[in-house]
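Keep the structure open beside you as you go.

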Number of protein chains: 2
Amino acid sequence: MNKAYQELVSLNQEITLLGSAASTLGWDQETYLPKKALGHRADQLSYLSGKIHAMATGKDFQAKLEAAEQAVSDNLTESANLREWRHGFDKSNKLPQELVERSSQSTSLAKAAWEEAREKNEFNLFAPHLEKLVAIAKEKAELWGYEDEPYDALLGCYERGAKTADVAKIFDTFSPQIIETARLAVEKSHGNPARKLSGHFPVEAQQKLNQEVAASIGFDFDGGRIDTTTHPFCTTLGPQDIRLTTRYYEHDFTASLFGVMHEAGHGMYEQGLPMDDFGLPSGSAVSLGIHESQSLLWEAHVGRSQGFWNKWFPRAQELFPQMQDWSVEEFLHTINQAKYSLIRVDADEATYDLHILLRFALERKILNGDIAVADIPAAWNESFQSKFGMQPQTDTEGCLQDIHWAMGGMGYFSTYSLGNLNASQLFNSATKNESVREAFDQADYTPLLKWMRENVHAHGSNYLPQDLMKKATGEGTNPDYHLAHLKRRFLG
Amino acid sequence: MNKAYQELVSLNQEITLLGSAASTLGWDQETYLPKKALGHRADQLSYLSGKIHAMATGKDFQAKLEAAEQAVSDNLTESANLREWRHGFDKSNKLPQELVERSSQSTSLAKAAWEEAREKNEFNLFAPHLEKLVAIAKEKAELWGYEDEPYDALLGCYERGAKTADVAKIFDTFSPQIIETARLAVEKSHGNPARKLSGHFPVEAQQKLNQEVAASIGFDFDGGRIDTTTHPFCTTLGPQDIRLTTRYYEHDFTASLFGVMHEAGHGMYEQGLPMDDFGLPSGSAVSLGIHESQSLLWEAHVGRSQGFWNKWFPRAQELFPQMQDWSVEEFLHTINQAKYSLIRVDADEATYDLHILLRFALERKILNGDIAVADIPAAWNESFQSKFGMQPQTDTEGCLQDIHWAMGGMGYFSTYSLGNLNASQLFNSATKNESVREAFDQADYTPLLKWMRENVHAHGSNYLPQDLMKKATGEGTNPDYHLAHLKRRFLG
């Protein structure tokens with residue numbers, strides 16, 4: 001390792017120390033912060049992010065980066081780190097300060113307007129803000145540059161190396177088949193109604209079950225923990241400090257359990273990254289589409305499987321006595337129902353991707369100027385009708401339901417479905433190995449986690465997401481595995 | 001406010017943002033940090049404290065301080081801030097980097113050695129480390145400078161403006177009287193044994209009572225909270241973000257309750273400081289001896305009083321059914337027992353100060369070279385015998401019991417007794433006001449808190465501690481009020 005490269009590593013480690021301090025403040029804000037403390041916390045975070053931005057985009061960074069680039073390395077990790085640092089540096093430096101500030105101010109205002117619009121079901125209150133955010137997104141895309149269409153530049157913020165055309169090609173194959181599969185699944189569930197949970201599920205008992213399950217699937221509680229919040233997330237505060245969060249509903253223990261398994265999936269990815277490279281690209285998760293594959297693997301493939309509940313249902317019955325006259329089969333039928341719903345975050349596995357396909361197509365049209373902001377509600381409802389055979393009666397339950405656009409997050413949604421497809425594909429490859437499969441059926445997930453550690457986690461950002469998929473499974477993201485999984489689960 | 005002063009304020013506000021971020025990381029470390037995350041947390045804190053030190057001692061600070069000092073201000077707050085900034089800047093800059101690092105390294109090693117020595121009851125294991133720390137303390141005292149003796153310079157770290165001779169004068173008056181009062185109190189308690197708590201006190205019920213009591217005496221939970229830790233403390237993370245901590249014993253609910261009242265006393269002082277001056281001396285607590293007066297006021301004067309329990313005992317009986325056949329008087333007798341004990345932190349109100357007087361005298365002798373480190377155990381035991389009429393059988397229960405010396409904290413102990421004396425004196429002054437007194441007897445503490453807000457909290461560090469005491473009570477710290485309080489409580 002040459003000296004110039006080492007100096008760049010050191011600078012990035014400094015940035016990481018400040019960044020992980022800011023993440024700790026962010027975690028505290030979402031879990032324990034007293035109400036009146038929000039103002040000072042915002043001042044702290046804005047100060048820290050200013051310092052971090054200055055360090056990551058400044059002349060010192062540039063000089064060190066250029067010096068390190070002079071000495072070409074054929075080491076995989078070093079060249080991956082240089083590639084990612086260059087990418088990030090250029091991306092940040094292409095935006096003028098004026099635009100960064102305008103963008104931040106506009107999203108603050110848009111978020112407040114979106115909340116009011118959603119509450120009052122008045123899209124018009126949000127429309128002028130969305131116009132501004134779309135204009136800003138286009139401006140950014142022009143400054144960052146793209147090959148085919150502006151969406152490329154935005155998608156790349158979340159899914160490194162992904163091109164819109166490639167994602168569109170995957171989704172084009174996927175779309176008719178998932179629409180049909182979802183239709184059949186909904187039909188089948190409708191014809192065979194499931195028993196409903198009833199009674200009171202005390203938070204303490206839920207916490208006990210969640211903790212036992214998370215530990216048993218491989219989340220390391222000596223390097224992480226679970227706390228309570230309003231909008232659950234997983235955040236990394238250090239190489240061995242992964243914080244999961246969840247929320248509890250006392251009428252349904254499965255919401256927090258699947259939530260914890262989902263966040264633990266994110267958390268185990270983070271716990272499996274190369275620890276000594278913490279904060280460097282080689283020690284960081286590579287993309288949202290890969291991250292989401294790990295959360296969905298544990299939530300959906302493990303958490304909703306027969307083998308898992310053969311082991312865990314008796315424990316759930318101990319903790320929740322009202323479950324004692326249920327059979328495992330009844331329960332599995334209940335947690336694997338398919339039903340059309342208006343709200344994305346409430347959707348089941350079979351219908352979830354329809355929500356994403358709608359948003360992906362719509363976002364592209366908005367950015368390409370094929371549709372005006374004012375026409376979004378109508379376009380939303382029309383597309384919803386064609387996919388779900390029904391449509392929302394209000395924009396609150398339609399195009400106003402998600403916060404993403406108000407946060408300036410255009411290009412984000414597609415990574416959810418990429419995550420679904422990647423999860424099924426990685427699960428398929430892992431369980432080709434007979435010992436992984438057999439252990440999985442016995443609810444022993446050590447071999448499955450080991451496979452993910454070796455084939456996904458250990459690589460950090462050394463490979464771009466599609467190269468990682470190829471290396472792990474022999475091909476880029478392919479929707480066949482996810483469709484096969486859904487058919488087995490809902491139509492089998 | 002002139003421009004130079006304003007620039008210095010801004011720089012100090014930046015330092016405060018970083019400092020309060022570090023405090024948040026420190027709070028998390030003591031409450032929620034996963035075991036394996038300690039290493040990264042240490043790296044973060046060391047990085048932040050390095051940055052803070054550099055900002056608070058650098059040429060930019062110096063230039064801004066000198067410029068601000070040019071324009072002499074007759075504004076009380078501005079001149080107090082300049083006085084304290086100058087004091088802090090000089091104090092930090094008088095220590096060479098080499099000494100700071102040696103001191104930090106020596107205390108790390110000393111702490112580990114102290115733990116082992118205490119566990120094995122072998123003073124010799126700690127002695128060579130203590131020799132080094134004493135030498136370092138003397139070095140620092142020489143560099144900082146002092147008028148009469150080295151102890152002055154160390155005491156000043158905790159009690160701004162205090163001189164050893166003045167404290168010694170107070171303690172010399174106090175000493176024979178408190179020794180006699182304690183003796184009588186112990187004798188009286190011995191002759192009239194108290195009933196003992198029994199049964200199980202569930203943590204959840206304790207938390208409920210603590211929360212209700214803390215809110216009722218005036219701690220603002222919208223600007224603070226209570227969490228669980230091993231060694232309870234109160235820390236300030238922002239102008240409206242005060243975190244109390246406590247620990248629970250399931251055989252005795254009073255430990256966590258009095259602990260919370262103590263920490264809430266610290267917390268209410270912090271909540272009462274001028275919010276807009278957060279992080280400036282004018283918005284910061286003035287000394288440990290004043291801070292401790294506030295915690296002891298609520299723990300001892302309020303928490304162990306008849307009026308308080310007239311109101312709260314029925315609630316305690318609801319939460320802890322095993323208390324239902326107790327009378328308030330029985331309970332008050334139990335929580336106000338005097339007994340000689342070897343360990344300072346277990347001591348009751350009547351005997352606590354004896355532990356401090358011993359340490360103060362011993363520390364002075366050590367620093368003046370009147371006693372060698374090797375002779376500390378014998379000196380400790382001899383002094384203990386003269387004050388308590390008994391002595392420890394082991395050094396673990398004697399001179400090895402406290403961590404302070406191993407942390408390099410010589411000069412700290414005396415502030416505990418100053419806190420006791422100040423608490424009684426401030427309480428006496430406040431309750432001279434008949435409406436404060438009457439409300440106090442009815443367990444309504446709004447007027448008492450208001451008096452403290454106006455006479456103590458609101459002044460931040462505008463006045464030095466003894467000036468603050470004079471302004472609030474008409475005289476400097478005077479032990480008479482504390483002696484009178486103890487006599488009323490234990491001998492009345």
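Two residues are in contact here if their C-beta atoms, placed from the backbone, lie within 7 Å. Please keep in mind that this is a predicted model.

**Exercise 1.** Work out how many residues chain B and chain A bring to their contact, and which elements of chain B take part.

*Solution.* 
Step 1. Start with the count: chain B puts in 27 residues, and chain A puts in 27 residues.
Step 2. Now look at the elements on the chain B side. At least two residues come from each of α1 (3-31), α2 (38-57) and β1 (224-228) of chain B.
Step 3. Ask which of them gives the most: α1(B) does, with seven residues.
Step 4. Finally, sort the chain B side by class. The side that touches chain A has ten nonpolar, eight polar and nine charged residues.

**Exercise 2.** Turn to chain A and describe how domain 1 of chain A meets domain 2 of chain A.

*Solution.* 
Step 1. Count the contact: 17 residues of domain 1 of chain A touch 16 residues of domain 2 of chain A.
Step 2. Find the elements on the domain 1 side. Both α1 (3-31) and α4 (76-93) of chain A supply at least two residues each, and the largest share, eleven residues, belongs to α1(A).
Step 3. Sort that side of domain 1 of chain A by class: five residues are nonpolar, ten are polar and two are charged.

Conventions. Residues are numbered from 1 along each chain as its sequence is written. Chains are lettered from A and ligands numbered from 1 in the order in which they are written. This is a predicted model: local features need pLDDT of at least 70, side-chain atom pairs count only at pLDDT 80 or more; totals for chains, interfaces and linings use all residues. Helices (H or I, at least four residues) and strands (E, at least two) are DSSP runs, numbered from the N terminus. Ala, Val, Leu, Ile, Met, Phe, Trp, Tyr, Cys and Pro count as nonpolar, Asp, Glu, Lys and Arg as charged, and the others, Gly among them, as polar.
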